[in-house]
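Biologist: Can you take me through the side-chain contacts in this one? I'd like to start with the charged residues.

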Amino acid sequence: MEPAPTLPVPSDGKPQRWDVLFLILLAASLLGAAYVGVLAYREGVKTETTKRTGETLMEWLAEQAAVRGTEAYPHVACAARSGATWGACLSHVLGEGGPLHGQRNAYTGEAVRILGACGGADRSVAGHMALELVTPLPPGAAVPFTVGPLLPQASIEQKITLRVAVCELDGSAIRVGETEF
């Protein structure tokens, strides 16, 4: 004789304990994914705001390049004259009436600073800008130009080529562009 087949136990239609646990885990996973998406969006907005600030500086430098050698140039600290240094011009650019006066760092909320370069492991530079001096080398050189930090004592008597970059959250540089000043 064969044993009688077992019939399934009838359910009352309510979810079992494991079903409830699965639904809770599923809801927590969806909420976690949504939260990570919101955080990524906020960081992206900060990065885009920082790039726009860098573009503002680059546009201002490009506009000033054509007129800073004239007699009626309004930004005396940045004029192409004997003894003019980048440090004095930088104070004007960031000071009252300058193009970046009132600009805030999107990551920290403090005033924007212009650095010589973004630091590799230094995360404190996030949201700030870097200006690098592009120096052309003589024709026939293996490399057409060198790039170095724009130091405060650097002369701005003649036109110079600048590379504008903004510092990302991890300290790396996002290049905005190059312009003459």
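**Side-chain contacts**

Modeller: K46 counts as partly exposed, at 26% relative accessibility. Keep in mind that this is a predicted model.

Biologist: Which residue does K46 meet in a salt bridge?

Modeller: The partner is E43, and the N to O distance is 3.7 Å. Both residues lie in helix α1, three residues apart, which is about one turn of the helix.

Biologist: Is E43 buried, partly exposed or exposed?

Modeller: E43 is partly exposed, with a relative accessibility of 29%.

Biologist: How many salt bridges turn up in the whole structure?

Modeller: Six. Another of them is between E55 and R52, at 3.4 Å from N to O. Those two also sit in helix α1, three residues apart, about one turn of the helix.

Biologist: And what is the accessibility of E55 and of R52?

Modeller: E55 has 30% relative accessibility and counts as partly exposed. R52 is partly exposed too, with a relative accessible area of 44%.

Biologist: What about E180, which residue does it form a salt bridge with?

Modeller: With K159, where the closest N and O atoms are 4.0 Å apart. E180 is in strand β5 and K159 is in the loop between β3 (145–149) and β4, so this pair ties together parts 21 residues apart in sequence.

Biologist: How do E180 and K159 count, exposed or partly exposed?

Modeller: E180 is partly exposed at 40% relative accessibility. K159 counts as exposed, because its relative accessibility is 51% and the cut-off for exposed is over 50%.

Biologist: Moving on to R163. Where is it found, and is it buried or exposed?

Modeller: R163 is in strand β4 (residues 161–167). It is buried, because its relative accessible area is 9% and buried means under 20%.

Biologist: What does the side chain of R163 contact?

Modeller: The side chain of E178, through a polar contact of 3.0 Å.

Biologist: Now the rings. How many aromatic pairs are there?

Modeller: Two aromatic pairs. One of them is W86 with F181, which is edge-to-face, with 6.3 Å centre to centre and 85° between the planes. That pair links distant parts of the chain: W86 is in helix α2 (residues 86–94), F181 is in the segment after β5 (173–180), and they are 95 residues apart.

Biologist: Are W86 and F181 buried or exposed?

Modeller: Both W86 and F181 are buried.

Biologist: Which residues do the ring pairs link into a cluster?

Modeller: W60, W86 and F181.

Biologist: What charged end sits over the ring of F181?

Modeller: That of R68, which is 4.3 Å from the centre of the F181 ring.

Biologist: Last topic, the surface. Which residues form a nonpolar patch there?

Modeller: F22, L23, L26 and L30. Together they have about 420 Å² of accessible area.

Biologist: Where does L23 sit?

Modeller: L23 is in helix α1, which covers residues 17–67.

Methods. Residues numbered from 1 in each chain as written. Predicted model: local features only at pLDDT ≥ 70, side-chain atom pairs only at ≥ 80, totals over all residues. Heavy atoms only, no water. Phe/Tyr/Trp six-rings, centres within 6.5 Å; stacked < 30°, edge-to-face > 60°. Helix = DSSP H or I, 4+ residues; strand = E, 2+ residues; numbered from the N terminus. Buried < 20%, exposed > 50% of the residue type's maximum accessible area, 1.4 Å probe, protein only. Lys NZ or Arg CZ within 6 Å of the ring centre and 35° of its normal. Patch = residues over 30% accessible without salt bridge, like charges linked within 9 Å, V, L, I, M, F, W, Y side chains within 5 Å. Areas by Shrake-Rupley, 256 points an atom, 1.4 Å probe, with all protein chains shown as cover. Salt bridge = Lys/Arg side-chain N within 4 Å of Asp/Glu carboxyl O. Polar contact = N/O pair within 3.5 Å; in protein donor to acceptor, adjacent residues only side chain to side chain.
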